[in-house]
Amino acid sequence: VGEGGHGDTPGSATDKSPVDFSIALRNAGGDVTLLIELVGIFLEDLPGRVRALQRAIRDGDTGDVRFVAHAIRGALAGLGATPAGTLAREVEALAEEGRLDEAAERVGRLTPELERLTAFLADSRWREGLSGS
Amino acid sequence: MERGPIRILIADDDPVTRRLLLAALVPPTYEPVEVSDGVEAYRALQSENAPSLAILDWLMPGMPGVEICRRVREEGGANPPYLILLTFRGRTADITAGFEAGADDYVVKPFEAQELRARVNVGVRIVGLQQKLAGRVAALEEALAGVKTLQGLLPICAWCKKIRNDGMYWQQVESYIAEHSDARFSHSICPDCREKHVAPELERLRKRQRDA
C-alpha cells in the first residue's frame, strides 16, 4: 500500500510511516496540542468523506469525486500524510479529466491507505514520539 | 478605516485546513469568519458587513474560489475585498489563471502559518490604503460639490464696480466674491483713496468746526 505514489514527494515520507510528523508539526506551527486537535478533526471527518467518495464513484459523478478527493487531500497535506495524499491527488486529477474508471481504481488503493492511516492515528501512541520535538 | 480586529473570511470545505487557518489567524489581531462552501463564501462577501479580506479554497463545492474571484471582480463595488486563493496548484499557468480571475494573491497548500500571516498582512495593508484612498476621494468629492466657483465672464458696472449676479441683481463686488469663494474681506482705505476721498472730507469737517 501507498507505494503507487510515483515518487513525487522526494525524501521526506518513508513508505513505512503513513504520516511524516516533521511536516505535520511544521504545518501546526510546532504546536503539539494543535496537531492532536487536527488529528481528532480528521478522524471525525474522514469516514463521511470516504463514504461520499465511494458514493460519487458509484454514481459516476466525477465532479463530486473531484471535490471530495480535494477535501481529503487538503486534510492529508495538513497532516503530512504524504502516501495517502499522493493517491488523493491522483484521484482528484483523474476525476478532473473525467477518467472515472482510473479514478475508481485509485480510490481502491486510497481506501486501504486511509484505513492504515486512521488505524495509526487512532492509536494514541503516535503522540509519544512528539513530546521531545 | 479598519481598526481593531481584521475580519477575514475563511472558505474551505476541509475542516483540517480551516482549523489550520484559524490557528494562524488568531484574535485579537484577526477575526476569522469560517464557511465551508463556495456559495456561503460568495454570500458572505456580498453581505452588508462583508469582510474586506478572504481566503478562498480554489476548489470547493457550491462555487470554486476562482469563480468567486471572477464574480466579485465583475461586480466591482466601492470597496473590493482582497482575495487570496488557497491552492495546491503551484504551476505558473494555474497561478496566472487565478490572478486573471481576480485573485490578489495565492497560498499553496500545505502552508506555513508565518507565510500565510505575511500574505494576509500585505492584504490588510492594501485594503487599508484602499479604504484611505476611498475616504480621501469621498471627502474631495464632497468638498468639490460645496466649493464656490469664481470663474467665467462677470458683468461689472464700469462706474460703481457692482457685479451682476446670476439672479440679475447688482451686488457689491466684495459680497459677490465672498459668496463665490472662501475669501473674506477686511475693510480699509488705500493711500490713493485716502487722498482723494478721506482727506477732503476731513478738511471739510475741520472747516465746519472752525466756522462754528
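## Reading the model

Residues are numbered from 1 along each chain as its sequence is written, and chains are lettered from A and ligands numbered from 1 in the order in which they are written. Because this is a prediction, local features need pLDDT of at least 70 and side-chain atom pairs count only at pLDDT 80 or more, while totals for chains, interfaces and linings use all residues; side-chain values use heavy atoms, leaving out hydrogens and water.

## Chain A at a glance

Let's start with chain A, which has five helices and zero strands. Helices here are DSSP runs of H or I with at least four residues, strands are runs of E with at least two, and both are numbered from the N terminus. Read from that end, the elements of chain A follow the order α-α-α-α-α.

Of the 133 residues in chain A, 47% are buried. Buried means under 20% relative accessible area, exposed means over 50%, and partly exposed lies in between (1.4 Å probe, protein chains only). Chain A has an accessible surface of about 6200 Å², with 49% of it belonging to carbon and sulfur atoms; such areas come from the Shrake-Rupley method with a 1.4 Å probe, and for residues only the protein chains shown count as cover.

## Where the chains meet

The contact between the chains draws on 22 residues from chain A and 18 residues from chain B, where contact means heavy atoms within 4.5 Å. Together the two chains bury about 1900 Å², and carbon and sulfur atoms give 65% of that. Buried area is the accessible area (1.4 Å probe) that two parts lose on being put together, summed over both. B:Val16, B:Leu59 and B:Phe88 supply 33% of the area that chain B buries against chain A, more than any other three residues.

The rule finds three salt bridges across this interface, each being a side-chain nitrogen of Lys or Arg within 4 Å of a carboxyl oxygen of Asp or Glu. Five residue pairs across the interface are in polar contact, both residues at pLDDT 80 or more. A polar contact is a pair of N or O atoms within 3.5 Å; within protein, one must be able to donate a hydrogen and the other to accept it, and residues adjacent in sequence count only if both atoms are side-chain atoms. On the side of chain B that touches chain A, helix α1 (residues 15–24) of chain B gives the largest share, six residues.

## Two residues at the interface

A:Arg49 sits in helix α2 (residues 32–59) of chain A. Its side chain meets that of B:Asp13 in a salt bridge (3.7 Å, N to O). A:Arg49 counts as buried because its relative accessible area is 17%.

Now look across at B:Lys109, in the loop between β5 (105–108) and α5 (113–146) of chain B. With a relative accessible area of 5%, B:Lys109 is buried. The side chain of B:Lys109 makes a polar contact with the side chain of B:Asp57 (3.1 Å). Leaving out residues up to four places away in sequence, B:Lys109 touches residues including A:His70, A:Gly74 and B:Phe88.

## An exposed spot on chain B

B:Asn79 is found in the loop between α3 (65–75) and β4 (82–87) of chain B. B:Asn79 is exposed, with a relative accessible area of 51%. The C-alpha atoms of B:Asn79 and B:Ala134 are 7.9 Å apart, although 55 residues separate them along the chain.
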